[in-house]
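I opened my notebook on this one to look at overall build, sheets and pockets. Here is what I looked up, in the order I did it.

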Amino acid sequence: MDYFPLFADLHHRPCLIVGGGAVAARKVRQLRRAGARVTVNAPELTAELQSLAEAGEIAHASRDFDPALIHTHLLIIAATDDRQTNHAVAAAARASQRLCNVVDDGPACTFIVPSVVDRSPLLIAVSSGGQAPMLARSLRQQIDAWLPARVANLARWIARWRKRVGQALPSFPDRVEFWQQALDGAPAEQVLAGREAAADDLLEAQLNGRSAARGEAWLVGAGPGDPELITQRGLNLLQRADAVLYDRLVAPALLDHARRDAELVCVGKQGGGAAVKQADINSQLIARVRRGQRVCRLKGGDPFIFGRGGEELQSLVDAGLPYQVVPGITAAAGCAAYAGIPLTHRELAAGVSFVTGHRADGAPATDFKPLVRSGQTLVIYMGGRRLEALCKELQTHGKSPETPAALIERGTTPAQCVTGGTLADLAARVDKVASPALLIVGDVVALAESLRWFVSESTDARVAI
Ligand code: SAH
């Protein structure tokens, strides 16, 4: 280990910054956030530092570097733009056994400052020992994005309970097991969902040995294909679930995020007999939640857009079981973005409709009449197999044969394929429609040509607009 990591309590501790420019000002801000008593040693100060000094928020030693200041300060930072001065500060600090950081000069430092994710009281520090600061920065950003939004609440909630739990469970291994169970289970989940009162009840029950495993269903939108298009909240629940019931449309890479011991069950529908299948899914969901499992019902796109999420929720509600719903990026939004088609546009489309091109047997067919008005974008889900018929139907209802239209197959995945044309010729341009496929109709489709360059780079898409 090249450095010893530590978190120092600097509240009311004297810290010295030599230098009065922009870099020094940044360091002053960091130290003040940690409650330090800061002295700045520099003949001149930036306007920001000057006003802090005038307000008495920092002390100002208004002269060139003064070695006499070193031994009265705990930490020293050399932040002048003069290498010689910085080295003189470092040498003086070393002679007085003080820790010293020289900005942008690793070898002269006796301490370095890590990249920090601050979710106080939780602090995560990342350092590459000054070797690869950009890597440390990037990892910091990734950790920041990965952490649940309410992780600080979780830390404070644990702090609030620690004494009680410590008194009730004097043995350390018992406490470790107790907290592990709470953190892996429903109590922590409730805090992260912003329901602390429910979390308190669950922990109280766990403490009294009354904790029945508490199941819950999570309807999570997985996004349209690219595994990175799941929301942060969705990913978080996926990582915690005891079981994942997933659709055929869900990106396989997403399942790698599930716990290693989680049950992964594909409940994908292959068409035909869908109604019976849906009933099976509902009853499987209910049975698992009743058994105490936390079940992530992972659905392609958004659960409430042609996802039958409403039906699954209704059966959970009827069974009196708890649930959460996490929205997802629906295929229309994902495919349009990756194909460079803005769904609305100030001049070309004042609105957008999402409709289905396929109805279950017996259900009324989609009424296109009100949807063919000009100045509207139409996104047709589940229409791949009826592409030719749909293009004709729209023309029968008065849409011009020249209306731009695009078929997006396997949108947002590396196999995305966008075929552009008009209502009159699109069907003839597509050999055999791959699944899943989305049809977008409207003047905005023509914009894809000009916008294509910056959106199609991310996939190996065969773009044929
Ligand atoms: N709940 C989903 C839709 C499920 S219905 C959502 O919000 O996106 C299934 C239909 O969605 C498919 O027939 C197709 O029309 C569309 N679809 C889903 N993913 C798609 C993708 N990656 N590319 C193109 N169309 C997609």
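Predicted model: local features only at pLDDT ≥ 70, side-chain atom pairs only at ≥ 80, totals over all residues.

**Entry: the largest pocket.** With those classes I sorted the lining of the largest pocket and got 28 nonpolar, eleven polar and ten charged residues. The lining comprises 49 residues in total, and Ile112, Val113, Pro114, Ser115 and Val116 are the ones nearest the pocket's centre. I noted a volume of about 2,100 Å³ for this pocket. Which elements each supply at least two residues of its lining? I found α1 (22-33), β4 (75-78), β5 (99-102), β6 (115-119), β7 (122-126) and α4 (133-146).

**Entry: the sheet with β1.** Next I traced an open sheet of five strands, paired in parallel, in the order β3-β2-β1-β4-β5. β3 (59-61) and β5 are at its edges with a single partner strand each, so one side of each has no neighbour in the sheet. From one strand to the next I get an average twist of 20 degrees. Cys15 has Leu75 in β4 as its bridge partner. Helix α1 packs on this sheet and touches β1, β2 (37-41) and β4, with its direction at about 170 degrees to that of β1. Helix α3 (residues 83-95) lies across β1, β4 and β5, and runs at about 165 degrees to β5.

**Entry: the sheet with β8.** Further along I found an open sheet of five strands with parallel pairing, in the order β10-β9-β11-β8-β12. Here β10 (263-266) and β12 (323-326) hold the edges; each has a single partner strand, so one side of each is left without a neighbour in the sheet. The twist here averages 15 degrees from one strand to the next. I count six bridges in the parallel pairing of β8 (residues 216-221) with β11 (residues 294-299), and Leu219 finds its bridge partner in Arg297 of β11. Helix α12 (residues 309-318) packs on the sheet against β8, β11 and β12, its direction about 170 degrees from that of β8.

**Entry: the whole protein.** Stepping back, I list 16 helices and 18 strands. Why do I call the protein more spread out than a compact globule? Because its radius of gyration is 30 Å, well over the 23 Å that the globule rule gives for 465 residues. The C-alpha trace spans about 90 × 60 × 40 Å along the principal axes.

How values were computed: Residues numbered from 1 in each chain as written. Heavy atoms only, no water. 1 Å grid on protein atoms, 1.4 Å probe; cavity = no way out; pocket = protein on both sides within 12 Å on 5 of 7 lines; lining within 4 Å. Points joined across faces, edges and corners; volume = space filled by probe spheres on them. Helix = DSSP H or I, 4+ residues; strand = E, 2+ residues; numbered from the N terminus. Nonpolar A, V, L, I, M, F, W, Y, C, P; charged D, E, K, R; others polar. Pairing = 2+ DSSP bridges. Axes fitted to C-alpha atoms, helices over the stretch in contact; angles between N-to-C directions. Contact = heavy atoms within 4.5 Å. Rg over C-alpha atoms; globule rule 2.2 N^0.38 Å.
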